[in-house]
Amino acid sequence: MRVLGINAIYHDPSAALVVDGVTVAAAEEERFSRRKHGKRPVPFSAWELPELSMRWCLAEAGLRPQDLDAVAYSFDPSLVVPAEQLGLHDPWDHLRTTYAEKAPGFISTALGGEVDPALVRYVPHHVAHAASAALAAPHGDCSVLVLDGRGERASHLAGRYRGGRLEVLASQGLPHSLGLLYESLTEHLGFLRSSDEYKVMALASYGKPRFLEELREVVHTTGDGGFVAQAPDWSRWAPKRVDDGTWGGDHADLACSVQARLEEVLVELARWVHEQTGDRMLAMAGGTALNCVANSRIWRETPFEDVWVQPAAGDAGTSLGAALQVAADGGEQLTPMPGADLGRGWSDDDLAAWLRGAAVPFSEPADLGAEVADVLARNGVVAWFDGRSEFGPRALGHRSLLAHPGHPENLERLNDVKGREQFRPVAPMVLADRAEEIFTDGPIPSPYMLFVHSVRPAWRERIPAAVHVDGTARIQTVDPAVQPRLGATLRAFEARTGLPVVINTSLNTAGRPMVDDPRDALELFGSAPVDLLVVGPYLVRRSTMFARVGASAGVAAR
């Protein structure tokens, strides 16, 4: 069965392809269009389909649109309740329903009229989230917890999967929403709503939970798997912030207080799910599942032995979840998601052709890991482009910026390279077999950077750029068998420095999507202070590249 999944209705439009139960491809539209998040999450944009990622998914599998058995759309307009009846102020929300109802025709047109509109299956938004976690996870039957801003009429789903079938145990109706609560706070703190929530999580580490007791009266669970959560008047605790580059004080304390209350509520909800199911494993999705601090508390403080979070936990992941759910409903035996590297990739020959076409001097070293480690050990910044791009918001060693963790100024340095706020942390990559020596209080291995770990005291002064202000780090464990070039680089870096860790942030600059194709990588390398560009097996050195550019300019001047 060949199923194309589509997410389009709210934000982060994406497409995914599942063939005979195997996830073949998944990508976000922003990586192709170069528009951050693909589009703004307003009703007027709900008609926009992820046309570029849809076509790429089919091409990646060598399929034509008419080869599809089904198209799964991660929103069901038949479940919609008008916004005013839900207690939401969104006078144009009905446009989303209209566009969703017209989606089969839009999809057929977008794919050249070669898809029968009758093949389009609507999958409820939170079911698509749930499937993206439970049906992609490596462990089969499990409990599932979904929390986000909103779906058709709810903001939450708790349930369990058995044999590919979902049993819903609880669902929280709107307007109560932990995701909308956090979005509202994001806006109050001067950041972009439905985009910059991760900045609030970072800012929270710089504050104190001074307002936690008052927030416990406003946000709380109800004992039946649900909760009460409506955005209060935030100005009672801190005035509305203008994003002028300053941060701290009451705003950081408010972020810290809301973050702490969110964590407490999520732990209570997860405990409730376990009381109903007794499962050993919990799978999570929804935008709230990208809150890695909360994820770690769930792992530590609930009876679940294992917590697995979809790497594309936000709305982008619903394209995959919708496709997986339709495949499961069709009787397919599903294979666990093979990894987050589900996007575009190029052969070594193709990459060399890109570099030659750009007239860029490059080398193909016999020991790439050693040469990259030399640059990192000398405190150079490395742009790393290798393999297929990541599905989801985390850079996981396919599209990454790397630096030495032993120099505290490298945190500020990487934030300057990216042009972003200085309170934003970077993340350590660590060899999987060394992780427990350095990090604790979180699951290991942790390949998707979705949990926060405490850095052991003996290591905090050795890797200061990797340690957040509260003594924690959002780690990614690297298995050299899965990522051989990256693993070899980490081994070589440890041989030179004694540190099996480098710091990592996404390969992009502020306000732009993560680098996806070689042209994107070359554009960033040409405009940012990066010393070395890794493109698959090839190296481009800044000194060599710009020396040649300077020489060419001199010849032209003469």
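## The second largest pocket

The lining of the second largest pocket is made of 19 nonpolar residues, seven polar and three charged. (Ala, Val, Leu, Ile, Met, Phe, Trp, Tyr, Cys and Pro count as nonpolar, Asp, Glu, Lys and Arg as charged, and the others, Gly among them, as polar.) The space inside is about 660 Å³. Of the 29 lining residues, Pro445, Ser446, Pro447, Tyr448 and Thr477 sit closest to the centre.

Which elements give two or more residues to this lining? They are β12 (306-309) and β19 (476-478), and β12 has the largest share, with four residues. Domain 2 (143-309) and domain 3 (348-545) each supply at least three lining residues.

## Helix α10

Helix α10 covers residues 249-277. At 1.5 Å a residue, its 29 residues should span 42 Å, and its end C-alpha atoms are 43 Å apart, which agrees. (The expected span is 1.5 Å times one less than the number of residues.)

Is α10 mostly covered or open? Mostly covered: 23 of its 29 residues are buried, meaning under 20% relative accessible area with a 1.4 Å probe, protein chains only.

## An annotated stretch

An unreviewed UniProt entry annotates residues 373-542 as "domain: Carbamoyltransferase C-terminal". This span is 28% helix and 22% strand, and its end C-alpha atoms lie 16 Å apart.

## About the model

This is a predicted model, where local features need pLDDT of at least 70, side-chain atom pairs count only at pLDDT 80 or more, and totals for chains, interfaces and linings use all residues. Residues are numbered from 1 along each chain as its sequence is written, and side-chain values use heavy atoms, leaving out hydrogens and water.

Methods
1 Å grid on protein atoms, 1.4 Å probe; cavity = no way out; pocket = protein on both sides within 12 Å on 5 of 7 lines; lining within 4 Å. Points joined across faces, edges and corners; volume = space filled by probe spheres on them. Domains from an automatic or database assignment. Buried < 20%, exposed > 50% of the residue type's maximum accessible area, 1.4 Å probe, protein only. UniProt positions renumbered as here; feature names shortened; annotations may be inferred.
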